[in-house]
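Here's a quick briefing to get you oriented. Take a look at the structure first, then come back for the notes.

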Amino acid sequence: MIITNIEDLRILAKQRVPRMFYDYADSGSWSESTYRANVSDFEGIKFRQRVAINMENRSLMTTMIGQNVAMPVAIAPCGMTGMQHADGEILAARAAEAFGVPFTLSTMSIASIEDVAANVSKPFWFQLYVMKDRAFVNDLIDRAKAAGCSALVLTLDLQILGQRHKDLKNGLSAPPKLTLPNILNMMTKPRWCTGMLGTKRRIFGNIVGHVKGVENMSSLSAWTAQQFDPALCWDDVQWIKERWGGKLILKGIMDPEDAQLAVKSGADALIVSNHGGRQLDGAASSIAALPEVIAAVGDSIEVHMDGGIRSGQDVLKALALGARGVYIGRPVLYGLGAMGEAGVAKCLELIQRELDITMALCGQTDVQKIGRHILR
Ligand code: FNR
């Protein structure tokens, strides 16, 4: 198969990844209306086609929270990335490093913070979930610091887990339970199985062995329901900020009022995000919420976004509406599931090329000068 777009990677991943993990990636909460809107709302945004403007010497380089990036696209934190492909977090982090874009490791990763740090040479970003066990949260922050992570991405939109029907029906767990349907399904995914048999990374690496009493935790939803802190509030953001002491990014801001509170908190950036349509079904798409958030905060904080980006064209639209940078979740998971590290590299290359060509056809040469003027 000749891969020409992200959809090709998705199709290949669907063939190669066991159903339980493919479904985990390709799903949203309840009716999935927000999940779908995240993608479809990009379609209504139209560019101005400009001609006879010198398009030579184009540049996609810019910064996100003061760090140089080859293009303003970071890899979003995704739980269980190491179940899409053996050693998935390490492979994605390496592809991101080679490309020159940030990789964000989820709290709910398979490979641990220390394990990823030992397998890359540049700092990555760490995403934090806040648990009731504050000693464990403190420990996670300290571990990310010790591993040299250059930003903390604090996720605020998952105090309670949204329901995804497919995960319940599939009995999602890491590692998968060896039931007859799972075994039959895995037998049709020989590449995935070979990879998994060849790695030790098959459990939640940041959790198991680090939380008292959690020696065998496989179900994400059961653990989340018990451990995540529903009482998380803005005061917590303060102590986390102080303990971390480095660049702080707040993830999951969709409302102008929350955006203003994010500014007040002193964070370096916020991410307009509805968790990829996995939390509040019926929330607006991220791209629809972005202009309202920008209007509320102006230049007082760096605004990033994620949700529904499936091409470089979508990246350009988000930049045109005021985002400083974006994150991609599922496109990376599809790349991994399809072809491992090469698939993530392919995903980044596709997006870069689409971004570059679209920018040129809009008569623009510098990604840092993109604004509303490129839209109709
Ligand atoms: C996520 N997301 C997520 N976010 C987070 O802060 N911590 C996490 O552990 C996860 N886990 C996770 C798993 C999977 C399978 C997906 C698809 C997503 C949300 C993620 O960071 C990001 O907000 C969305 O994925 C962005 O939307 P797209 O790019 O997937 O459309």
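A word on terms before the tour: helices (H or I, at least four residues) and strands (E, at least two) are DSSP runs, numbered from the N terminus. This is a predicted model, with local features needing pLDDT of at least 70, side-chain atom pairs counting only at pLDDT 80 or more, and totals for chains, interfaces and linings using all residues. Residues are numbered from 1 along each chain as its sequence is written, and side-chain values use heavy atoms, with hydrogens and water left out.

**The ligand and its shell**

- The ligand is surrounded by 24 residues, where a residue is near a molecule if one of its heavy atoms lies within 4 Å of it.
- P77, S106, T155, D306 and G308 are the closest of them.
- Helix 15 gives the largest share of this shell, three residues.
- By class, the shell holds nine nonpolar, ten polar and five charged residues; Ala, Val, Leu, Ile, Met, Phe, Trp, Tyr, Cys and Pro count as nonpolar, Asp, Glu, Lys and Arg as charged, and the others, Gly among them, as polar.

- The side chain of S106 has an N or O atom 2.7 Å from an oxygen atom of the ligand.
- On Y129, a side-chain N or O atom is 2.8 Å from a nitrogen atom of the ligand.
- An oxygen atom of the ligand also lies 2.7 Å from a polar side-chain atom of D306.
- The protein buries 99% of the 600 Å² that the ligand exposes when taken alone (areas come from the Shrake-Rupley method with a 1.4 Å probe; for residues, only the protein chains shown count as cover).

**The largest cavity**

- On a 1 Å grid over the protein atoms alone, a cavity is a set of points where a 1.4 Å probe fits but cannot get out, and a pocket is an open set with protein on both sides within 12 Å along at least five of seven lines; lining residues have an atom within 4 Å of a point.
- Searching the whole structure turns up three cavities of 30 Å³ or more; grid points are joined across faces, edges and corners, and a volume is the space filled by probe spheres set on the points.
- So where does the ligand sit? It's in the largest cavity, given that a molecule sits in a cavity or pocket if more than half of its atoms lie within 2 Å of its grid points.
- That largest cavity has about 450 Å³ of space.
- Its lining is made of 33 residues, with P77, C78, G79, H275 and R278 nearest the centre.
- Helix 2, helix 10 (220-227), strand 10 (325-328) and helix 15 are the elements that give two or more residues to this lining.
- The lining of the largest cavity has 16 nonpolar, eleven polar and six charged residues.

**The second largest cavity**

- About 50 Å³ of space lies in the second largest cavity.
- It has 13 lining residues, and I75, A76, C78, T81 and F103 lie nearest its centre.
- Nine of the lining residues are nonpolar and four are polar, with no charged ones.

**The largest pocket**

- The largest pocket holds about 450 Å³ of space.
- L156, D157, L158, Q159 and G252 are the closest to its centre among the 20 residues that line it.
- Its lining splits into eleven nonpolar, six polar and three charged residues.

- The peptide bond from A174 to P175 is cis, with omega near -5°.
- P175 is in the loop between helix 7 (165-170) and helix 8 (180-187).
- W30 isn't a glycine, yet has a positive phi of about 40°.

Methods: A polar contact is a pair of N or O atoms within 3.5 Å; within protein, one must be able to donate a hydrogen and the other to accept it, and residues adjacent in sequence count only if both atoms are side-chain atoms.
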